[in-house]
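Please open the structure in your viewer and keep the selection tool at hand. The tour moves from one selection to the next and says what is found at each stop.

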Amino acid sequence: MEDFINKGVKMKKILVLYQDWDNWFLNSYEKFEHWFKEKDGAYSKDNEYYILSLSTCNKILKPENNITVELFKSSPTKQLFDLIKFKKRLKEVINEFKPDYIYVPFLYLASTIPKDRNFKVISFLRDITPEMIKGKGGIRKILGNIFYILDYLALKKTDILLYNAFHLKEYALKMRYKGKLIFCPRDITDKEYFNEISEKEIIEIVRKYNLKNKRIILTVARLTPEKNIEMGIKALRFLPKDYVYIIVGEGRDEKRLVNLAKKLGVYDRVVFIGYVKHKEIWKYYKVADVLWLLSKSNFEGIPNVIMESWYSKTPVIVSNIKVFKYLIKNYKTGIVLKSWDEKELAEKTEELLKNNKLYKDICENGWKYVNELIRHHIDVRELFR
């Protein structure tokens with residue numbers, strides 16, 4: 001604390017409302033650091049942070065000198081019931097910590113912030129959570145409507161709203177948001193590593209996974225049902241034998257996807273890489289001929305993998321959901337499928353890889369567009385003034 005005073009720097013106190021169902025704070029803190037420090041740019045060593053996070057246990061952690069983490073026990077299925085208790089604990093933390101700002105990367109949690117306050121609230125709208133929940137059907141349709149209400153309440157308590165895609169701005173305005181709106185697409189993290197990848201590293205990957213003289217399709221995603229990776233595995237049946245599908249990511253769906261690939265007789269052409277540190281992912285973009293993003297959930301902002309693919313000049317083929325239609329100019333910056341048919345996915349992939357002019361144009365257009373986008377990036381810490 002004395003260092004801040006001696007340098008004449010007024011330290012800001014930032015209270016962060018978070019959710020962590022994957023136990024990042026306990027087991028994979030570097031993943032939280034990646035998103036919070038690098039993607040959001042919310043961290044500064046000159047500020048003090050108190051992170052109050054929904055989690056799977058109750059625990060207080062001190063991962064860094066200026067960061068305290070309080071884990072508040074709940075679960076994805078119980079969180080709605082626990083929000084009342086969370087709101088009560090939040091009020092206590094505010095009284096104890098006395099923040100200058102509350103930063104809310106998960107918009108709905110701003111609904112728990114008390115009305116009487118002496119701080120500013122900065123929230124980030126990067127997806128439409130109610131749409132994601134409703135998309136899973138059943139009783140989740142009712143839960144999705146509850147999350148619409150939480151978003152509405154959250155927006156009423158938000159002073160500055162960051163958003164990373166124009167359809168999200170439309171969503172906020174439909175929710176009658178009256179505060180300050182700032183377009184803030186994320187920068188491309190670790191992009192400096194892309195140009196540092198050596199030919200030797202590429203050769204190692206090609207040898208390791210037997211990729212020589214192969215057409216390489218890439219997906220970078222969590223292995224969960226909403227990412228719809230099974231569509232890509234099914235599409236391999238309609239592609240020539242020299243097409244290989246590389247999947248970078250981890251998740252609960254891995255065993256089912258492995259069994260599906262074996263059942264369909266394409267397991268020898270599917271490579272499950274697992275979790276890869278972000279700066280290492282660029283190697284896979286470098287070897288890939290095309291990226292597939294086949295999500296079912298119509299809730300995303302600008303997916304990081306699309307921006308990374310554009311930056312690496314790897315053309316993208318995406319599923320037929322509204323979000324991607326907003327984002328991608330068909331046959332200009334990527335290809336948007338018309339259906340959920342695996343045959344169409346295979347046909348569009350072959351069309352792209354056999355048409356040199358189309359391939360080159362999509363690569364160049366995507367690269368130009370993403371470089372225009374990232375000029376609008378703002379590190380969140382710049383707003384903590």
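Begin by selecting helix H8, residues 199-208, together with helix H11, residues 278-287, whose axes come within 10 Å of each other and cross at roughly 75°. An angle from 65 to 115 degrees counts as roughly perpendicular, and H8 and H11 are therefore roughly perpendicular to each other. To see where they touch, show the side chains of Glu201, Ile202 and Ile205 in H8 and those of Lys283, Tyr284, Lys286 and Val287 in H11, which make the contact. Sorted by class, the contact of H8 with H11 has 4 nonpolar and 3 charged residues, with no polar ones. Bear in mind throughout that this is a predicted model.

Next, select helix H12, residues 304-311, and helix H15, residues 356-373, whose axes come within 7 Å and cross at roughly 120°. H12 and H15 are therefore oblique to each other, and H12 passes H15 in a left-handed crossing. On the H12 side, pick out Met307, Trp310 and Tyr311, which meet Gly366, Trp367, Tyr369, Val370, Asn371 and Leu373 in H15. By class, this contact of H12 with H15 has 7 nonpolar and 2 polar residues, and no charged ones.

Stay with H12 for a moment and ask: how many of the 8 residues of H12 are buried? The count is 8 of the 8, so H12 is largely enclosed by the rest of the structure. If you colour the helix by residue, you will find that the buried set includes Asn304, Val305, Ile306 and Glu308, and that Met307, Trp310 and Tyr311, the residues of H12 that meet H15, are buried as well. Following H12 comes Lys313, whose phi is positive, near 60°.

For the last stop, turn to the strands, and display the open sheet of 8 strands, which has the order E3-E4-E2-E1-E5-E6-E7-E8 and mixed pairing. Its edge strands are E3, residues 59-64, and E8, residues 180-183, each of which pairs on one side only. As you follow the sheet across, the twist averages 20° from one strand to the next.

Methods
Residues numbered from 1 in each chain as written. Predicted model: local features only at pLDDT ≥ 70, side-chain atom pairs only at ≥ 80, totals over all residues. Heavy atoms only, no water. Pairing = 2+ DSSP bridges. Helix = DSSP H or I, 4+ residues; strand = E, 2+ residues; numbered from the N terminus. Axes fitted to C-alpha atoms, helices over the stretch in contact; angles between N-to-C directions. Parallel < 35°, antiparallel > 145°, perpendicular 65-115°, else oblique. Left-handed = near helix turned anticlockwise from the far one by under 90°. Contact = heavy atoms within 4.5 Å. Nonpolar A, V, L, I, M, F, W, Y, C, P; charged D, E, K, R; others polar. Buried < 20%, exposed > 50% of the residue type's maximum accessible area, 1.4 Å probe, protein only.
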